[in-house]
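Visitor: I would like a close look at one part of this model, with the terms spelled out.

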Amino acid sequence: MNRVYLVGYMGAGKTTAAKRLANRLGWQHYDTDALFEEKFRISIDDFFHKYDEPLFRKLESQVLQSTENLEDAIISTGGGTACFNDNMVWMNEHGTTVFLRISPVAAANRLLLSKKKRPLTENLSEAELTEYVQEHYASRLPFYEQAKICVKAENLDIENLIKLIQNE
C-alpha cells in the first residue's frame, strides 16, 4: 500500500512535510483541507462560520475516505481529522499513518505566527491561545498516538521518516 497519512495538531507542519515527502518519493501530495474546499466550494473558515463543527466533521470524513484509491500518495490531514468518526482506525486500515509530534508550546507559537486562519483559534489572545492549545492538544493526543509511526515535528528529518515508512 503506497498511501501515507500525516496526522497531528494544528501547526505541526503536516502539509509542508507532505509536500517534501511527496517530492522526495516522486509521489503525489493531497491535503484533505484543500480537497474539502475544492469539493464543497467553500473555505473551511467560512464553513465553520456558516455551519457547525459536527457537520464539518461528517463531511471531512467523506473527503478522507475518498482518498482510499489513491496510490503513491502522501495525504496531509486537518488537525482534528484523526479525532472524529473513527478516522484514525480507517486511516490505519488504508495506509501508513505518521504522527508529527510537536510540543504544545511550539504549536501555540507556530499558530501565533501563522498567516493561515484557524477557525478554532482565530479570536484568541496569545494567553488564551496558549491555554487552549495545552488543553485541546491533550484531548487529541490519544488519537494521534494510534499512528503506526511517530516522529518529532520540530526539525523533521525527511530521510529518516522515509526509512521508517519503507520499513512499515
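How much space lies in the largest pocket?

Guide: This is a predicted model, in which local features need pLDDT of at least 70 and side-chain atom pairs count only at pLDDT 80 or more, while totals for chains, interfaces and linings use all residues. Residues are numbered from 1 along each chain as its sequence is written, and side-chain values use heavy atoms, without hydrogens or water.

The largest pocket holds about 630 Å³ of space. A pocket is an open set of points on a 1 Å grid over the protein atoms alone, with protein on both sides within 12 Å along at least five of seven lines; its volume is the space filled by probe spheres (1.4 Å) set on the points. Its lining (residues with an atom within 4 Å of a point) has 31 residues, and Met-10, Asp-33, Gly-79, Lys-116 and Arg-118 lie nearest the centre. Helices H1 (14–25), H2 (32–40), H3 (44–50) and H4 (53–65) each give two or more residues to this lining; helices are DSSP runs (H or I) of at least four residues, and strands (E) of at least two. H1 gives the most, with four residues. By type, the lining divides into 13 charged residues (Asp, Glu, Lys, Arg), ten polar and eight nonpolar.

Beyond its neighbours within four places in sequence, Phe-36 is in contact (heavy atoms within 4.5 Å) with Arg-41, Ile-42, Ile-44, Phe-47, Phe-56, Leu-59, Glu-60 and Val-63. Among these partners, Phe-56, Leu-59, Glu-60 and Val-63 are buried residues of H4.

The buried residues of H4 pack against strand E1 (3–7), H2, H3, helix H5 (87–94) and H7. The 13 residues of H4 should span 18 Å at 1.5 Å a residue, and its end C-alpha atoms are 18 Å apart, so the two agree; the expected span is 1.5 Å times one less than the number of residues.

Val-63 also belongs, with Ile-42, Ile-44 and Phe-47, to a second, separate core of eight residues. A nonpolar core is a set of buried Ala, Val, Leu, Ile, Met, Phe, Trp, Tyr and Cys residues joined through side-chain atoms within 4.5 Å. The largest core has 44 residues, of which Leu-6, Val-98 and Leu-100 touch the most other members. Helix H7 (residues 126–144) supplies the largest share of that core, five residues.

Technical notes:
Buried means under 20% relative accessible area, exposed over 50%, partly exposed in between (1.4 Å probe, protein chains only).
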